[in-house]
Each structure stands twice: as structure tokens, then as C-alpha cells.
Amino acid sequence: EHAFFQTMARLNVQAPTTLLRVTEHIQSVVSCVLELEEAGFAYSVDSEAGGSGNSGVYFSVSSFEAAGGKYGHLVPSQVASQEGGASGQVSGWKRDARDFALWKHAKPGEPSWDSPWGAGRPGWHIECSAMTLAAAGSRLDLHAGGSDLCFPHHVNEMAQSEAILAARSGSDNIGSPDRVTWVKVWCHPGPLLIQGRKMAKSLKNFITVDDILDSGGQGNPEQAPLRSMAFVDPADAFRLFCLRHPYRSAVTFTPDSLASAGAQMARWARFVRDAEAAAAATWARALTRTAEGLRANVSAALADDLDGPAVVHELAAAVDVGLSALAAPQHCTNPLPLFAVAREVARTLQDLGFASVAPPRSPFAPSATQDVACSHAGSAEVGVAERVLSTFRDAVRSAALEGDRSGASARVLAVCDALP
């Protein structure tokens with residue numbers, strides 16, 4: 001666990017506010033199973049009927065559906081193909097082929113906890129419901145997990161959670177239109193593929209995050225695609241590699257794909273640095289439109305099912321406009337447009353978790369050398385103040401006079417916002 005969070009920190013992934021361990025929530029699990037049993041959504045199977053490996057408490061899908069619940073609507077095709085059919089009865093210890101374990105009686109030598117049904121352990125799905133309900137309450141805005149967890153795990157987790165919430169509210173109709181669903185949005189990222197197959201230790205086709213982050217000059221070429229890019233943060237390169245692909249799709253990892261992401265990240269970082277240096281002497285009308293549109297376009301892309309490729313497209317387009325302005329500078333007293341693009345690119349990257357690109361220094365801010373000079377001579381402070389005020393005055397005048405009159409107020413306010 002400690003090693004995992006160390007690696008996540010290296011990727012600039014924020015630490016969770018709450019860390020849940022099922023061993024610390026056994027009583028919550030037991031309480032949830034009791035609620036389901038008392039409400040008629042669960043039944044017990046003894047060792048005689050189920051054998052030593054199957055005895056315990058099971059969730060009744062047919063009882064859930066009889067109460068108005070919709071089982072399996074996340075992936076109806078997979079549920080329908082399950083053994084026994086979508087609603088067929090089966091012989092033996094299960095009442096329905098779709099029923100699943102909530103509590104399993106312990107086998108000799110297994111870890112176990114006391115319960116009203118005897119020593120045992122939680123079923124796979126009930127663990128998540130019990131911990132989530134205990135930590136986050138009765139509603140979730142977002143529930144995420146790999147696409148391989150969609151069925152049966154999330155399907156079963158949804159069914160038992162909605163049954164528990166119905167029991168707690170005293171509702172006799174889980175599917176009532178006035179009931180708010182347990183999870184508002186489900187998010188199922190696709191798998192990572194290596195050599196066309198899902199990455200797995202058993203296939204020996206895996207690469208670790210630490211392999212990628214430590215590959216600046218170490219390891220073999222397959223694990224060191226960024227070795228020639230000395231100024232690229234490997235964590236940011238990998239983050240951009242992920243962002244380039246729709247999150248629901250399977251993604252094939254290759255050294256070339258990571259190197260390509262690293263090259264694009266280096267291009268963006270270089271633009272922010274160069275724009276900071278040249279902002280006071282560069283102007284292009286397209287820059288103002290680019291800066292104003294970037295944040296809105298990125299927000300719209302993220303709102304559209306977390307469209308990472310669209311975000312990458314917007315950032316790349318903004319950087320292309322900025323680099324074109326740098327390649328053919330037009331002298332102007334207004335330093336704001338290029339600075340605004342660089343600032344929005346850097347802010348967007350920071351919002352997305354990239355750590356290697358810092359926001360550019362305001363063109364109105366004193367330089368580092370001027371800061372040092374000010375500490376040695378009082379007269380230098382006056383010179384710095386005069387430079388800042390003079391630049392600000394020229395920028396305000398330019399913003400007011402250039403372009404159409406309807407946008408003058410917005411341009412002047414943008415100049416004011418750039419003051420440190």
C-alpha cells in the first residue's frame with residue numbers, strides 16, 4: 001500500500017481524502033447483509049445444500065426485480081448471456097443463476113469474522129457497497145472502475161446498494177420514478193494493452209509505472225522511450241499519453257507512443273517558456289481569441305464524457321497559434337495577448353494534473369535581476385515602479401484603441417487582471 005501511494009505521488013496523483021479498508025468495516029458489511037435479509041432481498045444457504053464452499057448468505061435477484069429493481073441495465077447483453085438465462089431458475093443451492101454471495105462461511109484456515117450466520121467473510125460485491133454507504137452516504141455523483149469490473153461487480157454492487165437504500169427508506173418500489181438513482185454517473189476506463197493483449201503478469205507483458213518514471217537514462221530501450229528527452233517530466237509524458245485516448249477505449253502502450261507524448265509535452269512547455277520571454281514584444285489578433293476560447297473549449301470537452309483527445313486537440317491548437325506568433329513577431333506595446341495564451345495553457349495543464357509547466361511570470365512583474373537590484377539600491381525601486389506603470393499605461397491604451405470598440409472593456413479588464 002505504501003509503495004502504491006509513493007508511485008501515485010510520483011505521477012502527481014492527489015492522495016485520497018479517505019482511505020477505506022474492508023477489514024475496518026466488517027460491522028458495516030454485517031449490518032448491510034442483515035438489512036437485505038430482513039427486507040427479503042437475501043436468503044441463507046446451509047452447508048448441506050451448498051456444500052462447504054458455497055454456504056452463506058446470497059442476494060436474491062428475483063426479489064430485487066419483484067420490488068421494481070432493474071438488474072443489469074449497465075450491460076444487459078452480458079447479463080442475458082449468463083448461465084441460466086436472464087431470469088431462469090436453476091437447480092441446486094441457488095434460487096437464480098444470477099444470485100451472488102453476500103457472506104461466505106469460512107473454510108478451515110481462512111480469515112474469518114463473527115456474524116449472525118457464523119464465522120465467515122464478506123462476499124466480493126458487498127464490501128464496496130458497505131464501505132461506500134458508510135463513507136459517502138446514500139448518493140454518489142461518480143463511480144469509477146475498470147471496464148472489466150462493469151459485470152458482474154458493478155451490476156451486483158448497484159443492485160444490492162439500491163435494495164439497501166430502499167429498505168432504509170421503507171420504499172416498496174425500487175424503480176419508482178421519484179427515487180433518485182444510487183450512482184449519477186458511471187465511468188469505466190478501458191484496459192492497457194501491451195503487444196495487442198491486456199497487460200498481465202501471467203502473460204509477462206507488463207511494464208510498471210516506476211519503469212516509465214525511472215527511464216530517463218536507465219533500462220533497455222523498450223523501457224526507456226524518454227531517454228533522449230532530458231527536459232521532459234516522465235510523469236507528465238505518461239499523463240498526456242493517457243489523455244490522448246478516449247478513456248473508455250483499450251489503449252495500446254508502446255515506447256513510440258510514450259515518446260510521441262513526451263515530444264508534444266516538451267513542445268508545449270517550450271512555448272510557455274518562450275512566450276514568457278517574448279510576451280512584451282509580440283502581438284497577433286488570433287492570440288486574444290485563442291486565450292479567450294481555450295478554457296471554455298476545454299471545459300466543454302471534459303463535460304462531454306471526459307473527452308481527453310478533444311482536450312489535447314484544443315491545447316495543441318492554442319500552442320500552435322502561440323508558436324506561430326513567436327516565429328513571426330510583430331512589435332506591439334501590449335504584452336497581454338501572448339501572455340494570456342501561455343497562462344491559459346499552463347493553467348489548463350495544471351488543472352489536468354501536469355506538474356512540469358509552471359504559469360508564466362506576468363510581463364508586468366519585475367524581473368529577477370531587477371528584484372536583486374532593488375535590494376541593493378533604493379533608486380532601483382523607483383525605476384522598477386516606473387517600468388511597471390509605463391508598461392501598464394501603454395497596455396491599457398493599446399487595449400482600448402486596438403480592435404473593435406465593443407470588446408474594449410474586456411481587453412482593458414484583462415490588462416488589469418495581469419497585474420501581479
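Predicted model: local features only at pLDDT ≥ 70, side-chain atom pairs only at ≥ 80, totals over all residues.
Reader: What makes up the chain in terms of helices and strands?
Author: The chain has 16 helices and nine strands. Of its 420 residues, 41% count as buried.

Reader: Why is Phe100 called buried?
Author: The relative accessible area of Phe100 is 6%. The cut-off for buried is under 20%, so Phe100 is called buried.

Reader: Where does Phe100 sit, and which residues does Phe100 touch?
Author: Phe100 belongs to strand E3, residues 100-105. Leaving aside residues up to four places away in sequence, Phe100 touches Val57, Tyr58, Phe59, Val61, Tyr71, His125, Asn156 and Gln160. Tyr58 is 42 residues from Phe100 in sequence, and their C-alpha atoms are 5.4 Å apart.

Reader: How do you know what share of the contacts is between residues 24 or more positions apart?
Author: The count takes the contacts in the chain with a separation of 6 or more, and 66% of them are between residues 24 or more positions apart. Contact here means heavy atoms within 4.5 Å.

Reader: How do you know what span to expect of helix H13?
Author: The expected span is 1.5 Å times one less than the number of residues. H13 covers residues 336-351 and has 16 residues, for which 22 Å is expected; the span from its first C-alpha to its last is 22 Å, close to that value.

Reader: What makes H13 enclosed by the rest of the structure?
Author: Of the 16 residues of H13, 13 are buried, so the helix is largely enclosed by the rest of the structure. After H13 comes Gly353, with a positive phi near 95°.

Reader: Why is the pair Arg21 and Glu24 called a salt bridge?
Author: The N to O distance between the two side chains is 3.4 Å. The cut-off is within 4 Å, so the pair qualifies. It is one of 14 salt bridges found in the whole structure.

Reader: What makes Arg121 and Glu110 a salt bridge, and where do they lie?
Author: Their side chains meet at 3.5 Å, N to O, and the limit is 4 Å. The pair links distant parts of the chain, with Arg121 in strand E4 (residues 120-122) and Glu110 in the loop between E3 and E4, 11 residues apart. Arg121, at 28%, counts as partly exposed, and Glu110, at 27%, also counts as partly exposed.

Reader: How do you know that Asp305 and Arg248 form a salt bridge, and which parts do they tie together?
Author: The N to O distance is 2.6 Å, and the definition asks for a value within 4 Å. Asp305 lies in the loop between helix H11 (285-303) and helix H12 (308-327), while Arg248 lies in the loop between helix H9 (234-243) and strand E9 (251-253), so the pair ties together parts that are 57 residues apart in sequence.

Reader: What makes Arg295, Glu344, Arg347 and Asp351 one network?
Author: Salt bridges that share partners join these four residues, Arg295, Glu344, Arg347 and Asp351.

Notes: Residues numbered from 1 in each chain as written. Heavy atoms only, no water. Helix = DSSP H or I, 4+ residues; strand = E, 2+ residues; numbered from the N terminus. Buried < 20%, exposed > 50% of the residue type's maximum accessible area, 1.4 Å probe, protein only.
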